[in-house]
Amino acid sequence: MIKILAGGKKHNGWLVEACAEYEKRLRKPFNIEWQFIDEEKLDDKVLKLPRDVFVILLDERGKIFDSPALAETLRKPLETGREVVLVLGGAFGHFSPEMQA
């Protein structure tokens, strides 16, 4: 299972269509689930994920992966049946300064 948590709201027509297209492309062999969360609550949701979940935080300031590198990063967790969660940060990235204090 791959869960995609995204900061924001799924309300634009183009966004709904884009998510549906990616779900269709990734459905085999993956089970994909999108979940849109208010940006203010996103980091709290991430911090409450179970410890055995494999989490990748996606942020414009993070490390850049090409497709083969991302596939290799995901290979082991998926082969061992771990849930994978990709977290798309909101406009201000992840973990605001008040959460880090």
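Before you select anything, here's what a pocket is: on a 1 Å grid over the protein atoms alone, it is an open set of points with protein on both sides within 12 Å along at least five of seven lines, and lining residues have an atom within 4 Å of a point. This is a predicted model, where local features need pLDDT of at least 70, side-chain atom pairs count only at pLDDT 80 or more, and totals for chains, interfaces and linings use all residues. Residues are numbered from 1 along each chain as its sequence is written, and side-chain values use heavy atoms, with hydrogens and water left out.

First stop: select I4, Y22, L26, L70 and L86. Of the 13 residues lining the largest pocket, these lie nearest its centre. What kinds of residues make up the lining? It has 13 nonpolar ones (Ala, Val, Leu, Ile, Met, Phe, Trp, Tyr, Cys and Pro count as such), no polar and no charged.

Now colour helix 3 (67-79). Helices here are DSSP runs of H or I with at least four residues, strands are runs of E with at least two, and both are numbered from the N terminus. Helix 3 gives the largest share of the pocket lining, four residues.

You'll see an open sheet of four, in the order 2-1-4-3, with parallel pairing; two strands pair if DSSP finds at least two bridges between them. Strand 2 (32-37) and strand 3 (54-58) are at the edges with a single partner strand each, so one side of each has no neighbour in the sheet.

Zoom in on strand 1 and strand 4, which pair over five bridges in the parallel sense.

Last stop: colour by pLDDT, the predictor's confidence in each residue, from 0 to 100. The chain's mean is 81, with 86% of residues at 70 or more. Over residues 97-101, though, the pLDDT is below 50.

Notes:
1 Å grid on protein atoms, 1.4 Å probe; cavity = no way out; pocket = protein on both sides within 12 Å on 5 of 7 lines; lining within 4 Å. Contact = heavy atoms within 4.5 Å.
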